[in-house]
Every structure is written in structure tokens, then in C-alpha cells.
Amino acid sequence: GSQAHNVRELAGMADKQAARPAAGKQLAGTSSMAMRASFFLLGLALVVSLSPRVADMQSPVAAGLIFRMPPAQPAAPDAKRATPPASLVGAAGDNTSLERAELAKGARAVPVDLPDEVITNMATQVFMGTPATGWTVDTRCFSSKQQPVAYGVGCGEDISWDLGMVQKFGFDMFLFDPTPKSIRYVEPFVERDPMNLHFIKEGMAAAPGTITFTMPKVSRFVSLRAGKHASTASRVIELPVNTLRNWMDLLGHTYLDVLKIDIEGSEYDVLENMMEENWFPMTQLLVEFHERFLSKADKPRHAKVIQGILAAGFRPFFTSETGQEISFIKVADLAECVREGPAK
């Protein structure tokens, strides 16, 4: 309507300008300039009339002439995040988001609660691994992830749980253990599946470094205990250890779907450190407690650690017959997963 009228008006102006007689060189020059201006306006009006939505134009030349928008600049890299070795990093997906990192703060989860029958729903629980070393996990939060991430700390000579998590639920699995026997056992599995299994030859502790481990009394056993213990004080070995925070920074993770800890008594130091920092960056926490290793004076540590985990917004959904293995889930995360829909 109005655009067509403008076109006709501009065309009439051009006809009138062309019909005027020349009046000397100056008038002719002026007329010629006016005609060129008129035809330019006519052409511009035609472009507008034929392309009312310039943003939808397919011609990059036309779009560029009109908008001249500067190309988008790539985001600057985060200088604070360490670049992890390519051989160790799998598909992090949701486990690198800042939003998930905020959920690691236990206080965020405290106000959320669910009925016990929802938290301990056996229909959504799966036992994975051999009877001696397997673990029970809740599957409701697995379906929302393209590739969930788990850390298995303490491998020994049985990673059936870790392999099951990869094979059944498609986990990106990171294994941690510094003991020589465990290294010899785990490495062949990682070589066969380097895309989903990653092995870091370090133990977990409250601080990074190298510590003394006492070797088992029976040589065929694999588990080592941190520190020197009187019964086998002559059989010790120095091995590297690191913190959960350092591992996650190195690997580019801010949140874990599952953290499994079986570290022969060192779990108390590690969990107490998490309590002090109010930092529990995981949805599920599976812990084998070695309360029997605590001295009489240290026995209260066990109850305090359990209370600290509960205060961080977790609830137990499975406890083994011995009471040593406990599977916890963060209620705030579970509530979100229940709203999102059924598990795989």
C-alpha cells in the first residue's frame, strides 16, 4: 500500500525530472545529478517494497549492505580453569555448568524435603557389581543427562560396579587408586575402553601430596591404609594423593552425578573437610565407612560425619547389612529429577 504509493511517487518525480529541458550546461548537470539521485531513491524503495522483512533475506551481500553487523566474537577462555589433559576428559555435559556448581553448596539443599517412601523407592534402585564390592544406586537422575559422570575412588582389584555403570547407564567413569596392585589390574580395562574409562593413579585425601600407606598383613590382599600402623609398621609405601576439588578442577567438572568412596578409613578426613567447606558437589554419595579403624577416642567422628552429610541435604536410601556401605542422595536434586520424569 504505502510502499507501492512511494514507489509510484518516486517514479513520477523521476519522469518529471527527465522531461524538463536542459538550460545550459549548469542546468543540464543539475538535472543529471537529480535524475541519478531519483533513480537511487527509486531503487532503494523497490528493495524495501520487495523485501519487507530484511532480516529474512538470503543474500549475504544485501544483508551486509543494510546492516553491516560485526561478526560475533568468541567468548574469552576462563583463565581460572585448568585445561585438563585430553586423555582424561570425557563428555562433561551438564557437569560443567555454574548452576550445578552452586547446587554443590549443601545449604541450598536443606529446605527441600521429600517423603521417605519417595527417597527410598526400591523400584528405582539398582545394585551394580559383585556381591562383595557392589553398590546400590538410584536411577531417577540418570535419564536427564546425555552422559552422566561418576568418580570411583578406591578400585582395588574389582571394578565391576564401575563397569556396570558404564555399560548399563552410559556413564563417563573416572577411577582413582594409587596402589601398585590396583594399577596393574585397572589399566587393561582402561586400554580397552578409553572413551568411557579414565584412570588417575592417585589416592583421595583432605590435602594433596604424598603420604605413607601401610600395606596389608596378607600379601595377596590389595587394600592399603593411610598412615603407619603398629602391626605392620615395617611394610609401608609412599604414594601420591590429591583432593576431590583438585581433581574436578583438572578434569573440568563442577558437579558429579555419583561419587563412590572406599578409601580404608581416610573417608573421615575427606568428609570432614567437605563439611568445613560446606561443599558437596554431587547428587549421590556412596561411602564405605571403616568405623572399626577409629580409635576409641575418635569413635564420635563417625556420628558427626553422618550428621554432617544429612545437614548438607542428603538422605540415605540404602544401607548394607553390615551398615558399612551407605548410599546417600541429595534431596534437592532428587526432587528436581522426580519432576522431570521417569528414569531410564
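Let's start at N278, which sits in the loop between α9 and β11 (282–288); helices here are DSSP runs of H or I with at least four residues, strands are E runs of at least two, and both are numbered from the N terminus. This is a predicted model, where local features need pLDDT of at least 70, side-chain atom pairs count only at pLDDT 80 or more, and totals for chains, interfaces and linings use all residues. Residues are numbered from 1 along each chain as its sequence is written, and side-chain values use heavy atoms, with hydrogens and water left out.

N278 isn't a glycine, yet its phi is positive, near 50°. At 31% relative accessibility, N278 is partly exposed, meaning between the cut-offs for buried (under 20% relative accessible area) and exposed (over 50%), with a 1.4 Å probe and protein chains only.

At the other end of α9 (267–277), the loop from β10 (256–261) holds E264. E264 also isn't a glycine and has a positive phi, about 55°, but E264 is buried, at 16% relative accessible area.

Now for the nonpolar cores, sets of buried Ala, Val, Leu, Ile, Met, Phe, Trp, Tyr and Cys residues joined through side-chain atoms within 4.5 Å. The largest has 33 residues, and Y151, L244, L259, L285 and F289 touch the most other members. Elements giving two or more residues to this core include β3 (149–153), α8 (244–251), β10, α9 and β11. Leaving out residues up to four places away in sequence, L259 touches Y151, V153, M204, L244, M274, M282, Q284, L285 and L286, where contact means heavy atoms within 4.5 Å. Another core lies apart, with 22 residues, among them M128, V137, M173 and F199.
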